Amino acid sequence: MAAEKLRDLSKPIDVPLLDATVAAFYGTGSSDERHAADQILRELQNNPDMWLQVVHILQNSQNLNTKFFALQVLENVIKYKWNVLPVEQRDGIKNYISDVIVQLSGNEVSFRQERLYVNKLNVILVQVLKREWPARWTTFIPDLISAATSSETLCENCMVILKLLSEEIFDFSRGEMTQQKIKELKGSLNSEFRLIHELCLSVLSGSQKPELVRATLATLHAFLSWIPIGFIFESPLLETLLKFFPMAGYRNLTLQCLTEVAALHFGDFYNAQYVQMYTVFILQLQAIVPSGTISDGYGNGSNDEQEFIQNLALFLTSFFKNHMRILESTPENRAALLLGLDYLIEISFVDDTEMFKVCLDYWNLFVLELFETYNQVERLLGLQAQRIPGSDDGTLAAVQQRRQLYAGPLSKLRTLMICRMAKPEEVLIVEDENGNIVRETLKDNDVLVQYKIMRETLIYLSHLDHDDTEQQMLNKLSEQLNGEDWSWNNLNTLCWAIGSISGSMVEEQENRFLVLVIRDLLNLCEITKGKDNKAVIASNIMYVVGQYPRFLRAHWKFLKTVVNKLFEFMHEMHPGVQDMACDTFLKIIQKCKRKFVTLQVGESEPFVSVLLSNLPTTIADLEPHQIHTFYESVGQMIQAESDNTKREEYLKRLMSLPNQKWAEIIGEAGRSTDILKNQDVIRSVLNILQTNTSVACSLGPYFFPQISVIFLDMLTVYRMYSELVSNTIYEGGPFASKTSFVKLLRSVKRETLKLIETFLDKAEDLPHLGKQFVPPMMDPVLGDYARNVPDARESEVLSLFATIINKYKGEMLEEVPRIFEAVFQCTLEMITKNFEDYPEHRLKFFSLLRAIGTHCFQAFIQLSSQQLKLVMDSISWAFRHTERNIAETGLSLLLEILKNFEASGFQNQFYKTYFLNIEQEIFAVLTDTFHKPGFKLHVSVLQHLFYVVDGLTEPLWDATMVPSQYANNAMFVRDHTIKLLSSSFPNMTPVEVAKFVDGLFSSKTDLPNFKNHIRDFLVQSKEFSAQDNKDLYAEEAAVQREKERQRMLSIPGLVAPNELQDEMVDS
């Protein structure tokens, strides 16, 4: 009954009943009542006549939530229906809202009591303003200023409205208003700002009311980033702000305003004012927070005091970014500048992550700029040495002087970076929140980003003064050694810092430095007691040595000591230590492998031989995944041996343990195959295969003797496990595929395929291997795939045969029909039901098709027309996929097929059948906004289609239906494309569409022009306007990234040693 009464909007709504409904919704009733209230309120909100009741509700309701509900209804009408309302209704809303705001904010008591309500009314008023002002409400700003002068509380609320208006226009306008409307509002606000400026100055100079002064400062803060600059520097505004800065109640708001001023940069015109502003500010700052007290002040400070330090960091970084050079001119200014830098360094030491990020971003820019000018000096010195005219003594002196000026702050910055260095990705051992040393479980991406910036900053700092960097690090290390400053955190940050500057020193200095560092760390490990302490030291030793392969290669004894230390750590059961030992071992081997197979001075045999003799003992305490990493590392060593006989002997010794176990299992299986169904035996088989894969990965073609030993037995086990999986799923239904037994069997199958694929992929220059290994796999692997139920088919079969075709190319042509027969139809049935099922099979299937299309194209020509249609349909289906990898693989395959058919002699038949369909499908994905990452390939396909048209000798249209309408294919394609696009984009005129299509033909031989023409069309068609279109410019972004990488490569140490593809590897 009550609900019906509320729904009837033909007469004034029952406000007490509405209040009760809103109260029930907000929790005074039962859950049923709440649900019923929610239902009624939603219906009312969606009723198009509800807004006519708003004034009645606002005048009569006693419930604030009900008023908010009414205002929400009104706000929706203003946002979405304002321009269709009659003028008198628009004026009525405008006047009513204005009157209520004036009435409530004109009185101190009602303004404070109804503050939330007034704030919401202010938001509604600004929504009206965005639509009415300036065209239909020309006097708004003068009216507002006039009202503000009548009472201080009204003035305070006027400031709030002005602040909201500024934010709506300058901060939140994108996507809310047209560009023209935004421009119009900005122009109006600028032209009428003099009145606002005068009001703000009169309040700041005359008002004694703290709330009003704070509101005015907050409004100014919103305005300062965009107002004409003369209002700041050619009026008393800046002077007034600096007067408020020492006052505790206004300090934070004033500092935010000054930060906005500091962020402005308009050439050199106002340099004198900026110098004056900064010197007054620094004098006042010393009185507020004396230098040296910031850390304690932040730790023990109130919220306001902590906020002040945060705002101070923003002000100083902002000022220095934009105006630092003007402070370098006189001794007095330089003293103030250095004092400001000291304050910022103090703030950087405060334990607050967000504040540190602000400071760090600035320090990175600061030292980069100094480093670049220093580099310039080095270049100029080189020019002078060659007596080349044009090298300028004045420039040299100026740059040297700057470097000298900042020597003190830079030294403190080195201390900061060393003390606060973030954790690198390679370190796996961390301190948890309870103070325990544990293995890291999740990577913290924020920390990794911070490490990257800190590492870069410290490398620039190191280049600016290698000696100071080295001395600070060695001093801190000696404090760890003598116990003065020992703590986990101090040792960690120091070692992370030492590791991060690898490659930045000249080799001689780096060698001297590292000898001291590694010696001290090994001593520290010997003298320190306690498992946790040893784990921390071990972690740091491993990180540091892993970062300096150049040093290790040059010092065999150190390298041998380090590796033996890693072997010790492999027996250390503390979480994370063994993982890190195995990872570091692999990292070192990758860069120093030749050292281990060469007979070193003073040794009786190469290190690899000693290692293989002690192998069982070394890996005794390792987990299976760690053993695989270890085997991969030793495989890398063996791969570096150039003597074939020795290499095969080392491989035989390395694989003796897994081969022994394999022989036992196969021997027992020969007596009874039931042994292979035992889960422990299945795990052993899996482990042996994974070990083989790790070694194959390292050895490449040199793995041949080992795979020959196990290959046929492996296929037999594969076939048996396949049948077991199929039978289990057949008997147990789909759920059987989720059992641990079936999962384990399938893991063995997958690892078998992975091992074969890894070996064949790495086996360069051995074409006979294809003939040797592929035929035996045809039935156990391909036949099994075809026979199996979909849930038991391994996607790795597809990637294995894609690898085989990519590797052996045309040699596999005669095998392709069998591959097609086994996988094509049955896989398509699995993946074309929807876009979600069997995600692994999707990408691998199209990768296989692409391999066939690229290297065995003849196989496509031999397909029947139905089979070829199935291939082309599947490709269209691939590039319509929203999964980027699948779409891109489909497009690349399509491009390959188009190019190959063009040169095949069958181009006329092919294009007659598929040209129009491909064009339509490509335009569909090009313009649907879901496939933007494929833009480059979409353009390439279209360019090919438009280019190939002229070379076709048969008509693309059906000549029996349209006998003589078109003179050539180009005319037909032009006409067809115009019709296609006109029907898809009714918002574009026929002239615009025709101009676009003509542009495609005229630019078809010029890819950059063709691409830009399509970009313009996409924006013009409104499909991509007001969206993130960075994918349309992905190529340009890639070029920019490569330029940045080249810049980093030119600075020693900036690219980490493990990321360098360098000659160090085999030296």
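Predicted model: local features only at pLDDT ≥ 70, side-chain atom pairs only at ≥ 80, totals over all residues.
Let's start with a word you'll need on this tour: a residue is buried when its relative accessible area is under 20%, exposed when that area is over 50%, and partly exposed in between (1.4 Å probe, protein chains only).

Residues are numbered from 1 along each chain as its sequence is written, and side-chain values use heavy atoms, with hydrogens and water left out.

**The whole chain**

Switch to cartoon view. You're looking at 52 helices and 2 strands; these are DSSP runs numbered from the N terminus, with helices (H or I) of at least four residues and strands (E) of at least two. Along the principal axes, the C-alpha atoms fill a box of roughly 105 × 90 × 80 Å. A contact here means heavy atoms within 4.5 Å. Among the chain's contacts with a separation of 6 or more, 73% are between residues 24 or more positions apart.

Now colour by domain, using bounds from an automatic or database domain assignment: domain 1 is 1–82, domain 2 is 85–189, domain 3 is 659–766 and domain 4 is 768–857. How far apart are the C-alpha centres of domain 1 and domain 4? They lie 63 Å apart.

**Stop 1: helix H8**

Select residues 115–132, which form helix H8. Its 18 residues reach 25 Å from first C-alpha to last, close to the 26 Å expected at 1.5 Å a residue (the expected span is 1.5 Å times one less than the number of residues). H8 is mostly covered, with 13 of its 18 residues buried.

**Stop 2: two helices packing**

Next, show H23 (residues 407–420) and H26 (residues 488–500), which pack at an angle of about 115 degrees with their axes 6 Å apart. That makes H23 roughly perpendicular to H26. For the angle classes, under 35 degrees is roughly parallel, over 145 roughly antiparallel, 65 to 115 roughly perpendicular and the rest oblique. The axes are lines fitted to C-alpha atoms, for helices over the stretch in contact, and angles run from 0 to 180 degrees between N-to-C directions.

**Stop 3: two threonines**

Pick Thr 758 in helix H39 (residues 740–762). Is Thr 758 buried or exposed? At 14% relative accessibility, Thr 758 counts as buried. Leaving aside neighbours within four places in sequence, Thr 758 touches Thr 693, Ala 696 and Cys 697.

Then hop to Thr 803 in helix H41 (residues 796–808). Thr 803 counts as buried, at 12% relative accessibility. Not counting residues up to four places away in sequence, Thr 803 is in contact with Glu 757 and Asp 761.

**Stop 4: positive phi**

Most residues other than glycine have a negative phi. Lys 809, though not a glycine, has a positive phi near 50 degrees. Find Lys 809 in the loop between H41 and helix H42 (816–831); Lys 809 is partly exposed, with a relative accessible area of 40%.

Finish at Tyr 838, where phi is positive at about 50 degrees. Tyr 838 is in the loop between H42 and helix H43 (839–855), and counts as partly exposed at 23% relative accessibility.
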